[in-house]
Amino acid sequence: LKRELPWDAEVTVRLAEGARPVPATYGTPAQQALSFHTLEPLRADNAELYDWLASVEASIQFNHPLIKEGALAFLRVQLPGYRVEDNAEVSGNAIALRNLPVAFESSFTVTVRAGLQDLYGQSLPADQSFTLEAGPAASYVSYRAAGDRILEKGFPPVAVVEFQNAL
């Protein structure tokens, strides 16, 4: 290349018919073209809430890997008493939020502040907010004496049953 490619641009490289890497090799039978997009600006693509785990967690995904140092300072979570620096972690192109004190069937807002940087030195140009909604608590039933663990009929009847949000 004679100059640096611009960022956030569509680039097409064309290989002419008959092109060859060295004179002693065969040329290409037809023109070929390869297109690609250069590095895009940093953005937060998506946020997801995981309310089916033992504790409520969330994840914010970005289009590029982030610089870990100082990244959590750009995150705001609107939950009383929640400390991002104690419960969040940057991993590649995502920020994981753990131990969220969220009531089921409620919502809260997560804001990523402008200035967060990716590994390429780009900063998030503007604040991005996501409203995450926790659904109803999951229902489950666990029969402890089932399948291979069921007692033989010669023993007195025993039953242990566990319910959560059965209705």
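The legends below describe close-up views of a predicted model.

**View 1. Salt bridges around R43.**
R43 and D45 meet through their side chains in a salt bridge, with 2.6 Å from N to O. D45 is partly exposed, at 41% relative accessibility. R43 is partly exposed as well, with a relative accessible area of 34%. The pair belongs to a network of salt bridges that links E40, R43 and D45. A search of the whole structure finds seven salt bridges. Side chains of opposite charge can pair when their charged atoms come close.

**View 2. The salt bridge between R98 and E57.**
In this salt bridge, the closest N and O atoms of R98 and E57 are 3.5 Å apart. R98 sits in the loop between β7 (94–97) and β8 (106–112), while E57 belongs to strand β4 (residues 57–62), so the pair ties together parts that are 41 residues apart in sequence. R98 counts as partly exposed, at 31% relative accessibility.

**View 3. The salt bridge between E85 and R83.**
The side chains of R83 and E85 form a salt bridge, at 3.1 Å from N to O. E85 has a relative accessible area of 48% and is partly exposed. R83 counts as partly exposed too, at 44% relative accessibility.

**View 4. The open sheet of β5, β8 and β9.**
Three strands make up this open sheet in the order β5-β8-β9, and their pairing is antiparallel. β5 (75–77) and β9 (128–134) are at the edges with a single partner strand each, so one side of each is left without a neighbour in the sheet. From one strand to the next, the twist averages 20°. β5 and β8 run antiparallel and are joined by three bridges. V77 stands opposite V110 in β8.

β7 pairs with β4 in the antiparallel sense over four bridges. In the pairing of these strands, A58 stands opposite L97 in β7. Strand β6 (residues 88–91) also pairs with β7 in the antiparallel sense, over four bridges. The bridge partner of S91 in β7 is A94. β6 and β7 form a hairpin with two residues between them, and G92 in the turn has a positive phi of about 65°.

**View 5. S59 in strand β4.**
S59 lies in strand β4. Is S59 buried or exposed? With a relative accessible area of 9%, S59 is buried. The side chains of S59 and Q61 make a polar contact at 2.7 Å. Not counting residues up to four places away in sequence, S59 touches N46, A47, E48, Y50, A94 and I95.

**View 6. The largest nonpolar core and L100.**
The largest nonpolar core has 29 residues, of which I60, F62, V77, L97, L100 and F108 touch the most other members. β3 (44–50), β4, β5, β6, β7, β8 and β9 are the elements that give two or more residues to this core. What does L100 touch, not counting residues up to four places away in sequence? The residues touched by L100 are L49, V56, E57, A58, V77, L79, Y82 and F108. Among them, E57 also forms the salt bridge with R98, and A58 stands opposite L97 in β7.

**View 7. Y120 in the loop between β8 and β9.**
Y120 is found in the loop between β8 and β9. At 45% relative accessibility, Y120 is partly exposed. Which residues is Y120 in contact with, leaving aside its neighbours within four places in sequence? The contacts of Y120 are W7, L39, H64 and P65. Y120 and H64 are 56 residues apart along the chain, and their C-alpha atoms are separated by 8.4 Å.

Methods
Residues numbered from 1 in each chain as written. Predicted model: local features only at pLDDT ≥ 70, side-chain atom pairs only at ≥ 80, totals over all residues. Heavy atoms only, no water. Salt bridge = Lys/Arg side-chain N within 4 Å of Asp/Glu carboxyl O. Buried < 20%, exposed > 50% of the residue type's maximum accessible area, 1.4 Å probe, protein only. Pairing = 2+ DSSP bridges. Axes fitted to C-alpha atoms, helices over the stretch in contact; angles between N-to-C directions. Contact = heavy atoms within 4.5 Å. Core = buried A, V, L, I, M, F, W, Y, C linked by side-chain atoms within 4.5 Å. Polar contact = N/O pair within 3.5 Å; in protein donor to acceptor, adjacent residues only side chain to side chain.
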